Amino acid sequence: NGVADIEWSTDYIPDEINRIKETITQWETALGDHVDLVYQGWEAQARENYPLAVETFTKIIETVPDAYLGYYLQAQALEAGGLNTEALADYETYRELAIEAGDYPSDAYDEYNVDYQIENLSAYIGIDPQAVALYQQAIDLYDEPEESVSLYTQAIELAPDFSDAYLQRAYIYEYSLMDWERALADYRKYEEIDGESDLSSSTNRLEELIALPEDAQTCLKAV
């Protein structure tokens, strides 16, 4: 049987299935009966059972050492579960093995290019893992601004120096909730913690908006 013929115990089918199906198909000869571990791991991850997802993806690594994408999948599960140090190690292992195999994408926007994840996770090392998990949940809720702000706020309460949480919350305040005073405060806090970034264009713009008469502000926020 091929990838498309695998029997599922639930109706859950991850979005990544179509993006990775071609790669998994290439493994079928090597993985044999173990190819369904990918799907089992995804299902566990979708149910937020991250330990089971990691355990399942580990079986891929142990069964087929050359299937380096197993490290990529395991890293995703570890990251989702808030184990950022371990996820970083797996992303780096995946990148190293993929480069050795001549199979590492040169396109920075390719889904298998993990440079961005490695850079981000490196920045999050030392930050409360629960705060990072809340931050990542908030990122996914960009179309639910109030819930997103609540999650960023919880992350900041756990990690008061979490600069990226202030920055992302500022974006929500400014563009979604039109709360310019709070956005300005968060931009300034981000600059204070980061120490290198210059957000003067954003802070100056907000200062000008806040200085407008109340009726003018109301009209702009209604647009």
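Q: In this predicted model, which residues is Phe162 in contact with, leaving aside its neighbours within four places in sequence?
A: Neighbours of Phe162 within four places in sequence are set aside here. The contacts that remain are Tyr124, Ile127, Ala131, Val132, Tyr135 and Ala155.

Q: Which residues have the most contacts inside the largest nonpolar core?
A: In soluble globular proteins, nonpolar side chains tend to be buried together. The largest nonpolar core of this model has 58 residues. Its largest share, seven residues, comes from H4. Those with the most contacts inside the core are Tyr72, Tyr91, Tyr94 and Phe162.

Q: What distance separates the end C-alpha atoms of helix H5?
A: Helix H5 covers residues 84-100, which makes 17 residues. At 1.5 Å a residue, H5 should therefore span 24 Å. The distance in the model agrees with this expectation, as the end C-alpha atoms are apart by 24 Å.

Q: What arc around the axis do the buried residues of H5 cover?
A: The buried residues of H5 are Asn84, Ala87, Leu88, Asp90, Tyr91, Tyr94 and Ala98. They are placed on the same side of H5 because the arc they cover around the axis is only 165°.

Q: Which exposed residues does the face of H5 turned away from its buried side carry?
A: What covers the buried residues of H5 includes helix H4 (69-80), helix H6 (115-124) and helix H7 (129-139). The face turned away from that buried side carries the exposed residues Thr85 and Glu100.

Q: Is Asn113 buried or exposed?
A: Asn113 has its place in the loop between H5 and H6. Its side chain makes a polar contact with the side chain of Tyr104 at 3.0 Å, and it reaches the backbone nitrogen of Asp115, also at 3.0 Å. The relative accessibility of Asn113 is 7%. Since buried means under 20%, Asn113 counts as buried.

Q: What is the relative accessible area of Glu48?
A: Glu48 is placed in the loop between helix H2 (36-46) and helix H3 (50-63). Its phi is near 65°, a positive value in a residue other than glycine. Glu48 is exposed, with a relative accessible area of 59%.

Q: What is the relative accessible area of Met178?
A: Met178 lies in the loop between helix H9 (163-176) and helix H10 (180-194). Phi of Met178 is positive, near 55°, in a residue other than glycine. Met178 is partly exposed, and its relative accessible area is 23%.

Note on methods: Residues numbered from 1 in each chain as written. Predicted model: local features only at pLDDT ≥ 70, side-chain atom pairs only at ≥ 80, totals over all residues. Heavy atoms only, no water. Helix = DSSP H or I, 4+ residues; strand = E, 2+ residues; numbered from the N terminus. Expected span 1.5 Å × (residues − 1). Buried < 20%, exposed > 50% of the residue type's maximum accessible area, 1.4 Å probe, protein only. Arc of directions from axis to C-beta. Contact = heavy atoms within 4.5 Å. Core = buried A, V, L, I, M, F, W, Y, C linked by side-chain atoms within 4.5 Å. Polar contact = N/O pair within 3.5 Å; in protein donor to acceptor, adjacent residues only side chain to side chain.
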